[in-house]
Structures are given as C-alpha cells and as structure tokens.
Amino acid sequence: MTLTGTTRLAGVIGHPITHTVSPAMHNAAYAHLGLDCAYIPLHVLPEALEAAIKGLRAFEFLGANVTLPYKEAVIPYLDELDMSAQKAQAVNTIVNQDGWLIGYNTDGAGFVYSVQNEAHFSLKKKCVLILGAGGAAKGIAHRLLQEGIYALTLLNRSHERAEHLAKALSGSATLIKVATHHDPLAELLAQADLVINTTPLGMTPDLDASPLSAYEGLSNATLCCDIIYKPAETLFLKKAKEKGASILGGAGMLAGQGMLAFELMTGKSIPFDIMRAQL
Ligand code: NAP
C-alpha cells in the first residue's frame, strides 16, 4: 500500500485494539478495488472518546468501525443513527458524510449474511434459540425479526436482561419467549431450528467453556452457530457436531459485518470472499 497526499483514512476504534483483524480485511478490500484508502487501528482511552470522534471529522476520515467497549458509548457524539443502530442501541460503523457522522449497526446483518450464504439456511418461519442477551444478541435478534422467523427464545444468565431485550423486540409477528435455566434444556434445544451462542463462553483461552451444560435435543435438523471466531470451532460447536447438527463459526459474521461496513463507508461493493480470506 502506498500512502499519498490524497489517501483517505478509515479505522477501528476500541480499547484494547491489539487483537483487531479489521485493518487486514479493509486494506485487502481497498487493494482489491485499487482505492486510495488506508485503514488503521485506533486505540482510544475512555476519556478521549469524544475527541477521537471529533477527530474523524477533523481528519476527514471516510468513517470508522467501533468495537468493545464503545458500541453504545459513541452514540451521544454522532449526528444521526440509522434504523439498524437505533434498534440495536449500539453502533459498530460510523460513516462520515462531509462532517455529518451517521451511526450504523452491521453486526446483525453480517450474521444473517453468513447464515444465508455460508450455511445456506433459510430463516423464514424458523424457531430460533439465542444464548445470551448482550450487545451482539440484541443486534442479531432485531435483524432476525426482519427475516420473518416464527419464534425467538432468549436464554440468558441474567433473566432481567433477557426480559428487557424481549420487551424491546415485542410488536412484530414473531413469537418472543424468555426461557429460564429451570426450563428443560433438551426441550428448548429440540424445539429450535437454529441455536446461536452470543456469549463469550468458549472463546480463546477458555476453550473448555460452553454456553450449554448438556446437548440432548440437538439433532441433524438443527443449525448451531457460534459468533465466537477464535477458536474457529468452539466446544459448543464440537459437541453440537457430535449430535449430528450442522455448525457455523463466527468468522463469517465478522467478514459479513466488515463487508457491509465497507460498502457504507466507500459506496462500493466488495466480494465477501475478499474479507473472509483475511480471517
Ligand atoms: P456483552 O454485551 O458483554 O454480552 C455478553 C453476554 O454473554 C451477556 O448476555 C452475558 O450475560 C453473557 N455472559 C457473559 N459471561 C457469561 C458467563 N460466564 N456465563 C453465562 N453467560 C455469560 O458482549 P457482546 O458484545 O454481546 O459480545 C459477546 C461475544 O460475541 C463476544 O465473544 C464477542 O467477541 C462476540 N462477537 C462476535 C462478533 C463477530 O463478528 N463474530 C461480533 C460481535 C461480538 P449477562 O447478561 O448475564 O451478563
């Protein structure tokens, strides 16, 4: 990559940021299309967040991605929120339109892209069980409702958080339920066509952790997805595979959200495989 006086910048804001793979994905995409752009990691301390967002305008950035722990914290510093970010109440992509900063959330759409295009799974009228009710679960759940799923069950460590999310999701045609850890797990798993782990349980280095205590109820009719991408195959996915379920790891969601963020920032399409190949 050659940086010139006309190179436009973009980056990813987070704390810490050393683990990020976004620069590799976006710079590969710029190279593929021959764009005079560069994408950099932007480590920002909490007390500098407002100044960092103002800096996107000052340095005429194309935009930025936002990762942990700032997906909610950046909202007050933006000029506008797209519907995807309003629903998720979280922003993972900021687009700079001539100094007007618009927040988007491409996490949910990235997940759906991966399920439809990597697992070739149709979401229409399906029963979905989401494990977890945090930021990622929120973005995914809102996007799943747009795909016409039949029923969505939330199972989370903190019952109140799941109830809160269920309330925010109400009003669509989808049946929304909150399960508790007293409900028979095998029944919850047997009723689901799609089970999604959105908790960090099983992520490197905690390879022996899993969001499930048992796997009865999973079968070859179930698709199990983990949004964790390190390791590529978590304990949850290994056990699900042993039960005959189809499995999908989190790298496709990461590439999908990156691809959609790239399109928003540059106005250009990029093949999914260019992003996916970097992971
Ligand atoms: P978050 O907002 O902190 O939510 C974490 C969720 O996991 C909460 O529901 C929390 O339950 C639950 N949880 C955490 N520790 C737990 C434990 N020890 N036992 C049971 N439940 C536990 O985090 P997030 O932003 O949603 O991210 C979650 C995961 O998704 C992370 O691993 C992240 O790397 C991954 N992610 C992947 C992508 C991708 O592109 N593939 C994108 C975004 C996130 P409580 O409500 O009870 O605390």
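Biologist: Hi! Let me start with the second largest pocket: how much space lies in it?

Modeller: About 200 Å³ of space lies in the second largest pocket. Keep in mind that this is a predicted model. The pocket is lined by 13 residues, and those closest to its centre are Ser 84, Asn 105, Ala 109, Arg 143 and Gln 146.

Biologist: Which helices supply at least two residues each of that lining?

Modeller: You can look at α3 (83–88), α4 (107–117) and α5, each of which supplies at least two residues of the lining of the second largest pocket.

Biologist: And how does that lining divide by class?

Modeller: The second largest pocket has seven polar residues in its lining, along with four nonpolar and two charged ones.

Biologist: OK, switching to the largest pocket. What is its volume?

Modeller: The largest pocket has a volume of about 1,500 Å³. Its lining is made up of 48 residues, and Leu 68, Ala 136, Thr 198, Pro 200 and Ile 227 lie nearest the centre.

Biologist: Which elements should I find in the lining of the largest pocket?

Modeller: Look for β3 (63–66), α5 (135–146) and α9 (251–266), as each gives at least two residues to the lining of the largest pocket. By class, that lining has 23 nonpolar, 19 polar and six charged residues.

Biologist: Now the ligand. Which space does the ligand take?

Modeller: The ligand takes the space of the largest pocket. Around the ligand are 21 residues, with Ala 133, Gly 135, Ala 136, Asn 156 and Ile 227 the closest. Ala 136 and Ile 227 are also among the residues nearest the centre of the largest pocket.

Biologist: What classes do the residues of that shell divide into?

Modeller: Ten residues of the shell around the ligand are nonpolar, eight are polar and three are charged. Both α5 and α9 supply at least two residues of the shell.

Biologist: Which arginine side chains have a polar atom 2.9 Å from an oxygen atom of the ligand?

Modeller: Arg 157 has a polar side-chain atom 2.9 Å from a ligand oxygen atom. In the side chain of Arg 161, an N or O atom is likewise 2.9 Å from an oxygen atom of the ligand.

Biologist: And where does Leu 254 come in, backbone or side chain?

Modeller: Leu 254 comes in through its backbone, with a polar atom there 3.4 Å from an oxygen atom of the ligand.

Biologist: Last one: how much of the ligand does the protein bury?

Modeller: The protein buries 77% of the 930 Å² that the ligand exposes when taken alone.

Terms used. Residues are numbered from 1 along each chain as its sequence is written. This is a predicted model: local features need pLDDT of at least 70, side-chain atom pairs count only at pLDDT 80 or more; totals for chains, interfaces and linings use all residues. Side-chain values use heavy atoms; hydrogens and water are left out. On a 1 Å grid over the protein atoms alone, a cavity is a set of points where a 1.4 Å probe fits but cannot get out, and a pocket is an open set with protein on both sides within 12 Å along at least five of seven lines; lining residues have an atom within 4 Å of a point. Grid points are joined across faces, edges and corners, and a volume is the space filled by probe spheres set on the points. Helices (H or I, at least four residues) and strands (E, at least two) are DSSP runs, numbered from the N terminus. Ala, Val, Leu, Ile, Met, Phe, Trp, Tyr, Cys and Pro count as nonpolar, Asp, Glu, Lys and Arg as charged, and the others, Gly among them, as polar. A residue is near a molecule or strand if one of its heavy atoms lies within 4 Å of it. A polar contact is a pair of N or O atoms within 3.5 Å; within protein, one must be able to donate a hydrogen and the other to accept it, and residues adjacent in sequence count only if both atoms are side-chain atoms. Accessible areas come from the Shrake-Rupley method with a 1.4 Å probe; for residues, only the protein chains shown count as cover. A molecule sits in a cavity or pocket if more than half of its atoms lie within 2 Å of its grid points.
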